[in-house]
Amino acid sequence: MQTLIIGIGLEERDINSDIKYNSIIHKYENKFLKIIKTIHPNGLENGVASKSSHCSYCAEILVKYYENNLKFFYNHAMITKDMSSRLLFRFAANHRQSLGLLKNVQLAFKRSSATVPLKTPLPPLSNGAKQRIGLWLACSAGMTAGAVALGGITRLTESGLSMTNWHWLNDMNPPRTAEAWQEEFERYKRFPEFEQMNREMTLHEFKKIYYMEFAHRMWGRATGLIFIVPAFMFWRRGLFDKGMKIRVLIFGSLIAAQGALGWYMVKSGLHKETLIDGRASVSPYRLAAHLGTAFILYSGLLWNSFKYLTKPDVYASTRVPRGWAIGVHGLLTLTFLTVVAGAFVAGLDAGLVYPTFPKMGDYWIPPEYSTLTPWYRNIFENPVAVQFNHRVLGLTTTAAVLTFSLASLSVKFGRRAAVARNLLAAMVIVQTSLGIGTLLYHVPISMAAAHQSGSLALLSFALWLAFNLKRVPKI
Ligand code: HEM
């Protein structure tokens with residue numbers, strides 16, 4: 001019973017509504033996970049008097065509630081009539097039935113049937129299965145975060161252009177003999193990075209950057225395996241519903257796409273024709289796409305792991321006004337835009353121009369902001385504009401998170417949401433400080449890497465907050 005949610009459909013025009021509601025609460029409180037009170041407004045369009053339209057109305061609200069909040073926790077729906085309290089709905093619906101649910105509910109009431117079990121396409125998942133799926137998704141998210149961090153260090157140590165070939169199988173075999181190493185090194189020497197930056201490089205130094213890039217590539221493959229093998233097993237055991245199957249296919253494709261995108265990015269730094277201003281560095285566009293896709297994948301995996309590993313904070317979400325739940329999505333969007341803008345800073349080494357804060361040199365808006373034509377190229381290709389935009393976005397995100405956090409202190413968030421909000425506020429301060437430090441100290445590797453990983457932590461707290469403040473219909 002404690003896993004069920006009850007909807008009570010009351011009528012606005014019924015003067016005894018409150019008495020009925022109180023008697024139900026008296027009788028059933030603590031017996032259910034939640035009791036939702038709905039009051040069918042008088043004279044609502046499409047409501048036919050004496051046709052149980054208040055029940056349909058209640059069902060509609062419950063369906064929305066289930067769609068928004070409880071997608072994975074309930075697997076059947078049931079409607080009962082309780083004569084002492086007139087009509088009482090009992091729902092335990094799964095998201096995948098919710099579209100058909102309303103129809104069934106209405107049909108059931110037309111027939112005045114007492115109990116209508118709905119068809120369940122899948123057996124309900126046991127707690128153990130939910131845990132296993134959730135842990136698998138969390139692990140895959142963790143591996144993705146690790147890949148991002150390793151990728152950042154690879155870039156910062158200027159190791160990313162050391163492996164000048166790509167093959168999904170052969171890559172796993174680094175050179176083993178002295179001759180093979182020498183051959184690989186000679187190959188590297190033919191590319192612009194060696195000519196422009198590493199003319200003095202020894203074989204020993206080459207091995208170091210090679211192994212860095214190798215570790216990143218192997219980590220990517222391990223991420224793919226850790227995702228795909230359990231996915232296959234869960235799928236075969238029929239543990240995924242249709243929505244999850246689609247998501248698993250999307251995540252799998254994104255992981256595969258990351259491999260291809262990574263090589264596409266590296267290629268742009270190897271060949272003279274694709275270099276920007278002849279600089280031996282990868283295309284900032286491709287770098288931003290590679291990093292942006294990693295963040296999208298990470299967010300999707302993490303969000304879905306929350307769904308399997310936690311029960312929704314029902315108490316919290318029903319009491320927090322909608323605006324806050326919508327507001328968190330604004331914070332998520334701002335964070336994501338700042339991340340993408342940060343990728344362009346990294347891609348153009350734009351952190352090295354104007355290493356001053358808060359002004360850029362003597363200016364609030366530097367004079368070189370718009371030197372390229374057409375103007376929009378500045379946003380992506382002009383280091384000064386790129387750094388300026390990232391600063392402004394970063395500071396805006398910081399201000400927005402702090403304003404949200406302070407303003408929401410007057411609202412009663414549930415415990416989990418409150419913890420997430422506090423962590424988010426603390427993290428945004430750390431993240432911005434790291435960003436400013438990275439700038440002032442001319443992009444030291446450790447600080448820049450921490451700034452990059454910090455953005456993952458920030459995004460995680462924002463997602464956790466959004467998850468715990470999911471929007472629910474007004475009731
Ligand atoms: C919410 C705030 C912020 C977020 C989420 C954020 C995120 C990021 C990300 C994802 C990168 C790319 C890192 C990489 O791929 O290696 C980056 C780079 C950078 N950010 Fe931020 N940033 C924020 C605020 C700031 C601020 C306020 C500043 C300075 C005023 C700043 C300065 C930099 C610099 C200099 C880089 C380039 C570092 C490099 O070359 O590796 N960031 N940022």
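Biologist: Which helices each supply at least two residues of the shell around the ligand?

Modeller: This is a predicted model, where local features need pLDDT of at least 70, side-chain atom pairs count only at pLDDT 80 or more, and totals for chains, interfaces and linings use all residues. Residues are numbered from 1 along each chain as its sequence is written. Helices are DSSP runs of H or I with at least four residues, numbered from the N terminus. Those that each supply at least two shell residues are helix 4 (127-156), helix 11 (322-347), helix 13 (383-407), helix 14 and helix 15 (445-468).

Biologist: How many residues surround the ligand?

Modeller: A residue is near a molecule if its C-beta atom, placed from the backbone, lies within 6 Å of it. Among the closest are G342, G394 and G435. The number of residues around the ligand is 32.

Biologist: What distance separates the end C-alpha atoms of helix 14?

Modeller: Helix 14 has 26 residues, 415-440. The expected span is 1.5 Å times one less than the number of residues, which gives 38 Å for helix 14. The model agrees, as the end C-alpha atoms are 38 Å apart.

Biologist: Which residue just after helix 14 takes a positive phi?

Modeller: Helix 14 is made up of residues 415-440. Just after helix 14, a phi of about 60° is taken by H442.
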